Each structure stands twice: as structure tokens, then as C-alpha cells.
Amino acid sequence: MWYVSTRGMAPRIDFKEALFSGYAPDGGLYMPEELPQLGRETLHEWSTLSYPSLVKELCSLFIGPELIPRDDLNDLIDRAFSRFRHREVVHLSRLRNGLNVLELWHGVTYAFKDLSLCCTAQFLQYFLEKRKRHITVVVGTSGDTGSAAIESVQGAKNVDIIVLLPKGHCTKIQELQMTTVLRENVHVFGVEGNSDELDEPIKTVFADVAFVKKHNLMSLNSINWSRVLVQIAHHFFAYFRCAPSLDMHPLPPVEVVVPTGAAGNLAAGCIAQKMGLPIHLVVAVNSNDIIHRTVQWGDFSLSKAVKPTLASAMDIQVPYNMERIFWLLSGSDSQVIRTLMEQFERTKSVSLPKELHSKLSEAVTSQSVSDEAITQTMGRCWQENQYLLCPHSAVAVSCHYQQVDRQQPSPPRCCLAPASAAKFPEAVRAARLTLDTPAEILALEHKEARCTPMRKGDDWTRMLRDTIEDLSQQWQRSFLNLPA
């Protein structure tokens, strides 16, 4: 399996190289050159598999056995999921009025990103141990990515991780899950800016190809292909748990509602569709509605500012994985994508070509959900089911309730739930509900915290480069057993 850049100006690479890369050298994102096509027989075979077994089957299609032999791959994935709190790893809750909620949050940090990051970290360490290499991971986070990335690599001897978090723009619990991890290989910066602003110095650093190569830099944001790969399993699992029968001809559709910010889960769903999974995708966003406007009108343009919402991890203006979706739906036309994305980077506004917009609106429908609708949905779901949604899950479930209230016939529907309500007490209070907070989350308040400020007016790119250079020097000294 080979991987190519969405912008077509970078050499093709294998999975290992894609894993260790952030953006491609031409500024694009890596995608499989070809997608495996799955027939009815394979879908039948997979339909009874557990979530971890589905991840193994999918990963084996995209990672050649010459890179990770199948037995090793199985062991790595078992290890990745060993600390999840639910025995199924991912659990479907079937609630009233046809509401199916796929709980993706049973990992250590109570968010869906644990699923893909735990696997990605295992793949990284597998290759690093073989090559006796050190890497520095750089992550920008809007809330959940940072803590899940830290959890996946903390204490790893061949990995340092630098996390930039938007000070005051994520919840107190999200922040504490990052700043209270005091392992030597964890370095957290609190940025006086939002998640889009803190992505700028990261993108600038990664654009310096020589610097990236010299210091073995990589990203664990959802620009990393490995993250998207594991997320494809969510859609297969949702389909198999919600489809009425796989004996029907043609196979019955299932609607999957995807709450999203950077569009990683949505890209994974589009890939699953292209592989032959009969799902309809509904993308659900908060008031930061660039994806909704793109699906509805082909208007891929920034708003004046990020609007803070109760679904704070989705307060994102630049959904970078849309580039993968555009590439997929354009028939892998890298020239069209390169022109489109370069114009967007210059002007922050682009209208999709008519044919591409038509393909997008065939593959995906969309809704934008207000804070008021989020709290109403949380309240209604509690009233009907005694089931507490996080605000991001409520964005998805709001779409379900709108369909139910219209009494329109529809296929079975599955709402992806990206996080536990326990991480968002502020939103729970706003919905006038009460929360039974898990003990390990309560304990965060009493732990020592460590966080380096990046203030407005500081040169964030310089600070990031200096930290990376220091970590490289420390690794070389320890590798050569030199005194500090």
C-alpha cells in the first residue's frame, strides 16, 4: 500500500513514512493511492467482529505485513486497547425513539481520540525500537487531542511530546489532563490564543523540511494518516451494530451522524463509503460552521472569528481534513486540490468547483447546532433516557431529534459520541443537569501542574523551535552517555 499527497507534488511513500510524517513536503495530506474495495462477502464476515478485531482487519489492509507482520499487528492493537474501561472498548447504547449512541469515550482520557492515538503510539514505538531512533511529537489541541496524545506516549523512552493548548479555550478538566502529567518526556505550553492561532507556529515549523528531518519531528494531530485509519473502524462498527440485516439486497443503508471540528472522523466515514460501506453521512457542527456552509453552498471560507461554544473541542475554523475529502471526491485530482487549497491558504476563502460541490453534497448532508439546541438536547436525552450526553455528542443527537420530530421515514441512525459528559461539567450545568464525576477526574484538581506560557507578543515559532532543538541535544547526550 502506497500513500500519496493530496497535492500531488511529493513522492509516494509507505505506511511507515506516512506515520512519521505530518504534512507532506508540498503542504498536502497523505492518502492511500488506492482504496481496497470490500464486497458483500467480506462485510458479512466482518459483521460479527468486535471493535478491536475490526481495527485489526482494517489496519491489515493499509499496513503491509512486510512492515508489521499480522501477529505483531494484533499484539500492538491488543496492547493499545488494554487500558480501556469497557470490555467492548466501544459500546452502542440503544435508547428511546430509535436513538443509537456509539460511545467512543471509554479510554483513559474519556474521549474518542484515545482510540486512534493509542494504536498510533503503539505503531510508532514498534518502529522506533527497531531503529533505535528518537522522535519529537508536536501537537496543537482544541481540548481532547492533547491529553489523549500525552496519555499514549507518556514515559516512552524514544519519544518527547510537545503540546500547545489554547489557554482558557478548553475546559478546566481538559487542561488538567494535560498539565498534571509530569513525566520527563511531556512538555506542555499554554498559548494565549485559540486553537487555529496555535496551529500557525506548528505549520511554520513543519514547513521547514530540513528542520523537520534533522530533529525527527512528527505530528499526532488528525493530519496523521494513522489516526484517520483507525477512525474508519467507528463507521464499520456503527453500521454492523445498527443495520437491520445483511441478508437484504442491496445491503440496507445506515445513517451515521458525525459531530466534528477538524473533520478527521468525517474523512474516515467518506473513506468507509468509498470502500463499499453503505452509510449515509450527516456532519454535525456547532456555530463554527465552515463545514456546514461548504456542504450546503460550496462556501469554504473562514468566518471573522472562532465563536466559543459549549462544544469547545469543535471550536475550529480550519477543518484541515476537508482537504482529504475534497481529494477523495474529486477522483484523486491533485491538481484541482492543489489550486483550491493554495487559494484558500492565500485568501482564506474559496468556492468549490460546481462538480466537486455536487459530489460533496451527494456524499454528506450537514447541520449546524446552536448552544441553545445543545442544552435542550442534553435535557431531552436525560428526561427520556436518564442518559447524560457531552455537548459534542449532543450536537449529533440534536440532528436525530430534528428528524424524529419531523416524523420523516429514515434508515436506522447512529450518532457518534466523542466524549464523556464527565469532561464538560460547565455544559452539564448550563443544561441544568447534575453530574456524577468519576473519582479519577476529581483527583486532577489536587495534582501538581506544569505548563509554560506562550504569551501574546512572544515569538511562538521561535519558542517552539528552541524547545525542539533542546530536546534533540538532550537525546543525543543521553544516547552517547555524555554529561549534561
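Which residue does UniProt list for "modified residue: N6-(pyridoxal phosphate)lysine"? The unreviewed UniProt entry lists Lys113; UniProt positions are given in the numbering used here, feature names are shortened, and annotations may be inferred rather than shown by experiment.

This is a predicted model, in which local features need pLDDT of at least 70 and side-chain atom pairs count only at pLDDT 80 or more, while totals for chains, interfaces and linings use all residues. Residues are numbered from 1 along each chain as its sequence is written, and side-chain values use heavy atoms, with hydrogens and water left out.

Lys113 lies in helix α5 (residues 113–131). Helices (H or I, at least four residues) are DSSP runs, numbered from the N terminus. Thr377 is part of helix α16 (residues 371–385). Buried means under 20% relative accessible area, with a 1.4 Å probe and protein chains only. The table gives this value for both residues.

| Residue | Relative accessible area | Class |
|---|---|---|
| Lys113 | 11% | buried |
| Thr377 | 5% | buried |

Contact means heavy atoms within 4.5 Å. Leaving aside neighbours within four places in sequence, Lys113 touches Asp144, Thr145, Ala148 and Arg227. On the same terms, Thr377 is in contact with Leu389, Ala394, Val397, Ser398 and Tyr401.

A nonpolar core is a set of buried Ala, Val, Leu, Ile, Met, Phe, Trp, Tyr and Cys residues joined through side-chain atoms within 4.5 Å. The largest one has 118 residues, and Phe123, Ile232 and Phe236 have the most contacts inside it. Helix α10 (residues 225–242) gives the most to this core, with 12 residues. A second, separate core of 32 residues includes Cys381, Ala394, Val395 and Tyr401.

Terms used: Buried < 20%, exposed > 50% of the residue type's maximum accessible area, 1.4 Å probe, protein only. Helix = DSSP H or I, 4+ residues; strand = E, 2+ residues; numbered from the N terminus.
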